[in-house]
Amino acid sequence: MIDRIADPWGPSTPYGPGEPWPARVDTFLADGHTDADVDRWVPSASILHSNGDAMDIAVHGGRIVGVRGRAGDRINHGRLDVKDLYGWQANHSPDRLRRPLVREGGRLVEADWDTAMGRIVARSKELLDGPGGWGHFGFYTSGQLFLEEYYTLSVIGKAGIGTPHMDGNTRLCTATAASALKASFGTDGQPGSYTDVDHCDAIALWGHNVAETQSVLWMRMLDRRRGPNAPAMLAVDPRATPVAREADVHLAVRNGTNVALLNGLLRELIRRGWYDEAYVRAHTIGFAELCRVVEDYPVRRVAEICDVPARDLEAAAELLGTCDRLLSTVLQGFYQSNQATAASCAVNNLHLLRGMLGRPGAGLYQMNGQPTAQNNRECGADGDLPGLRNWANPEHVAQLARLWNVDVDTIPHWAPPTHAMQIFRYAEQGSIKLLWISATNPAVSLPDLARIRRILAKPELFLVVQDLFLTETAELADVVLPAATWGEKTGTFTSVDRTVHISDKAVDPPGEARPDLDIFLDYARRMDFRDRDGNPLVPWSDPESAFEAWKECSRGRPCDYTGITYERLRGGGIQWPCDSEHPDGTERLYTDGVFNTDPDYCETYGQDLATGAELLPDEYRAKEPGGRAFLHATPYQPSPEVPSDEYPLLLTTGRTVYQFHTRTKTGRATQLVHAAPEVWVEVSPADADRLGVGEGDRVRVESPRGVVRVRARVCGVRPGVVFVPFHYGYWDAGDGAEPDRAANELTVTAWDPVSKQPIFKVAAVRLVREGDSGGRAAPAPTVGGSAPVAGADVPATVGGPAAEATSTTEGA
Ligand SMILES: Nc1nc2c(c(=O)[nH]1)N[C@H]1C(S)=C(S)[C@@H](COP(=O)(O)OP(=O)(O)OC[C@H]3O[C@@H](n4cnc5c(=O)[nH]c(N)nc54)[C@H](O)[C@@H]3O)O[C@H]1N2
Ligand SMILES: Nc1nc2c(c(=O)[nH]1)N[C@H]1C(S)=C(S)[C@@H](COP(=O)(O)OP(=O)(O)OC[C@H]3O[C@@H](n4cnc5c(=O)[nH]c(N)nc54)[C@H](O)[C@@H]3O)O[C@H]1N2
Ligand SMILES: [Mo]
């Protein structure tokens, strides 16, 4: 029995390079249940991060009673993340939405489905038939639905209503992953495989606190680190995360300076000849321009911009330049920071320069965050066209028109699809009059919340919210639709390394809650969307028939699913592309150094990485990519908001291992609530001293936009920077929530010019002491990035008997 709150990573199983990662099966059964009284184990995968850990759901008496990792699965070899062990308990929370709600006289009251859907359909028809038609519709969805749901929504939006105003919270999450992959390699799709961890001799983590956010992947990395011939490790993060503490080289850069750092590192590699000339010549375009741009970033200058020691930069360059099999992961420290796409492409440059792609151990993950973000990008409910098609390529649009049997001009393609921040802007200006939000909670997760609340509360905006709970966002809705979730519905989803899993229905949803797929299908039926021949536009009726329809859409594209069936998935995960040429799936992309940059095949004609300006098709063709990848070079520019006399500190935001996003699930699982009950701010010892702030003291963090009242944790964040986790909204988990606690009260309305991903990782703030600690430590975990400074008198984060789980290793 292991208290996995106290030890989120569990027992180590060291292994050496090229060896298989040993299995370790993690199980948690609640309330004294044992294997013996489990009626059924239902196959699924984790839904509280993007790792795609396979698990089985334990069912007893029609209820979920626990989970167990699947030993034979290629991703996790049986291990489970701490949120997955306990988070499912939220499914049974007594405050789940059980019936639809509609607004009557200013209040939300219960209604039946006919009434709720009737209101949405009446408003939709009125808008669609009136002047401006499709322009009044906005859809804002998620990275947490299933593939079948995104594809259905995508067809409804693009071929039924014909609106370009559809995006996902994936815009906040992995828009930059997609942009960087498209810009360098031609299309979305991760080149690497998780088995690269088994083979690599160096790991670089670029703004990725993998220990807390993809903890099973971290277990794999740690097991290599504890075994023979361990890989070297580089961490780039302004905080002393567990990753940074483990790394051989930790660059605690000033947040917002990633491009300067990468330019400096690339310059060192080139200068010292640490690159693969033959690979660069055969497989890339843009080397001369890259050399020219990075020439301006000598180590001394970069050390100054990033505020890290020059010798650490040199050590990092040597680590990256002299390894044989480099594995990189990139996540929010890049995607949500300044110059997001340019910085992420610079990591692609590094792998291209060193020829570190397409072979075991030489892996690159432009990471996903949410469990099903990849599917949203594939299916196009997020501001892409389905099947990783190029909206600016008329033949790609024509393919969709043929598939759906609709007029080409119905499908919006005259301009780039509208990104989320612009959708909210249109709602603010009043041109979007119906906004349908599914499986996301923007009243906590979007930047500059005072503004977002104003927009969502506008009486002229007809707001539909489809969720499990009456969230901060749902409270502002005109119609609330109660959804079924993971464990209560069937569907598929795809993790970072393109592995597709099936998640089967294990139990019935509460009350009248319905799977999101059924809700979208119901809407399509009631709206009576038809194709050109008068047949129903959306002819499928359940998850499997939706999946079969999607397979046709994916045919011949990079994410080809045509060889996958539900039946095959019940035997285990499969990596796309899976087609007649690759019947068992594909472990790595670009093994032959040929990239998806062909003008007829690519997903984008490219953008200027500094300004976001779109290239014309002819400009792209003129480059004659011929299957080569693009090396992009971008000069560093300071962040849109930098510290001033008034706001002298840099703010960054992010996560703890125990909570997921706005806590609608993890905030309803006792073990996780107790581990991280309330918001805090991380302050460096130097800043704490200067400001007279001690551990647990009450402080105010203020930006030009808002304020949060929190307690201070003195810990390993870099001097001049403070960190606030963004998990805590207004909803009260019975933990005595204080007002003014959402990090996004402080953040800026600004985004990357290329990916349009908001900048959550850089803002200017000041910190004001409000009162003393009353002898209590901050409510921050002692595990993870918020671990207090050595010697601090802070009680350790533990879970006690309620958090005891088992971990079984072979032969143990
Ligand atoms: N426990 C947990 N796991 C999760 C989630 C969760 O909410 N909780 N969410 C999932 C999702 S959707 C996502 S997107 C991922 C996110 O996973 P991560 O990206 O790992 O998580 P974050 O904490 O947002 O940010 C990572 C790190 O970026 C650092 N950082 C901040 N600014 C900068 C900068 O300018 N440069 C650099 N180099 N680093 C910077 C922060 O200090 C932080 O440690 O996690 C997934 N997994
Ligand atoms: N300051 C700051 N802000 C951030 C970030 C940051 O690092 N810093 N990170 C950003 C990132 S990467 C992300 S991904 C976003 C996440 O932000 P959100 O998407 O707003 O976060 P969640 O709390 O996951 O919201 C998902 C909602 O969907 C509901 N839900 C779950 N499953 C289902 C389902 O099956 N069907 C339906 N209909 N509903 C369901 C949940 O109850 C919940 O209300 O936040 C972003 N905001
Ligand atoms: Mo995310």
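# Notebook: one predicted protein chain

**Entry 1. Overall build.** I counted 27 helices and 29 strands in the protein chain; helices (H or I, at least four residues) and strands (E, at least two) are DSSP runs, numbered from the N terminus. I then looked up the radius of gyration, which is 25 Å and close to the 28 Å that the globule rule gives for 812 residues, so the chain is as compact as a globular protein of that length. The radius is taken over C-alpha atoms, and the globule rule is 2.2 Å times the number of residues to the power 0.38. I noted that the C-alpha atoms fill a box of roughly 70 × 65 × 60 Å along the principal axes.

**Entry 2. Ground rules.** I recorded that this is a predicted model, in which local features need pLDDT of at least 70 and side-chain atom pairs count only at pLDDT 80 or more, while totals for chains, interfaces and linings use all residues. Residues are numbered from 1 along each chain as its sequence is written, chains are lettered from A and ligands numbered from 1 in the order in which they are written, and side-chain values use heavy atoms, with hydrogens and water left out.

Entry 3. Buried means under 20% relative accessible area, exposed over 50%, and partly exposed in between (1.4 Å probe, protein chains only). The accessible surface comes to about 25,800 Å², of which 49% belongs to carbon and sulfur atoms; such areas come from the Shrake-Rupley method with a 1.4 Å probe, and for residues only the protein chains shown count as cover.

I looked next at contacts, meaning heavy atoms within 4.5 Å. Of the contacts with a separation of 6 or more, 75% are between residues 24 or more positions apart.

For charge, I noted 82 positive and 108 negative side chains, with the centres of the two sets 2 Å apart. Lys and Arg count as positive and Asp and Glu as negative, while His and the chain ends are not counted. The place of a charge is taken as NZ of Lys, CZ of Arg, CG of Asp or CD of Glu.

Entry 4. I looked up the UniProt record, an unreviewed entry, which lists residues 39-95 as "domain: 4Fe-4S Mo/W bis-MGD-type". UniProt positions are given in the numbering used here, feature names are shortened, and annotations may be inferred rather than shown by experiment. In the model, this span is 11% helix and 35% strand, and its end C-alpha atoms lie 26 Å apart.

**Entry 5. Helix H5.** I checked the cover of helix H5 (residues 175-185) and found 11 of its 11 residues buried. Among them are Lys182, Leu181 and Phe185. I asked what covers the buried residues of H5. The cover includes helix H4 (170-173), helix H16 (340-353), helix H17 (373-379) and strand S15 (363-366). Just after H5, Gly186 takes a positive phi of about 100°.

**Entry 6. Tyr194.** I placed Tyr194 in the loop between H5 and helix H6 (196-199). Tyr194 counts as buried, at 1% relative accessibility. The C-alpha atoms of Tyr194 and Asp497 are separated by 6.4 Å, although these residues are 303 apart along the chain. Leaving aside neighbours within four places in sequence, Tyr194 is in contact with residues including Ser50, Arg74, Arg220, Tyr365 and Asp497.

Entry 7. I located Gly69 in strand S5 (residues 63-69) and read its relative accessible area as 3%, which is buried. Its contacts beyond four places in sequence include Val25, Ala54 and Leu80. Arg254 lies in the loop between strand S12 (249-251) and helix H10 (258-271) and is partly exposed, at 32% relative accessibility. Not counting residues up to four places away, Arg254 touches Glu304, Ile305, Cys306, Asp307, Leu650 and Arg718.

**Entry 8. Backbone details.** I asked which residues a cis peptide bond joins. They are Trp576 and Pro577, with omega about 0°. Pro577 is in the loop between strand S21 (574-575) and helix H25 (617-622).

Arg663 is in the loop between strand S23 (649-654) and helix H26 (670-675), and is buried at 1% relative accessibility.
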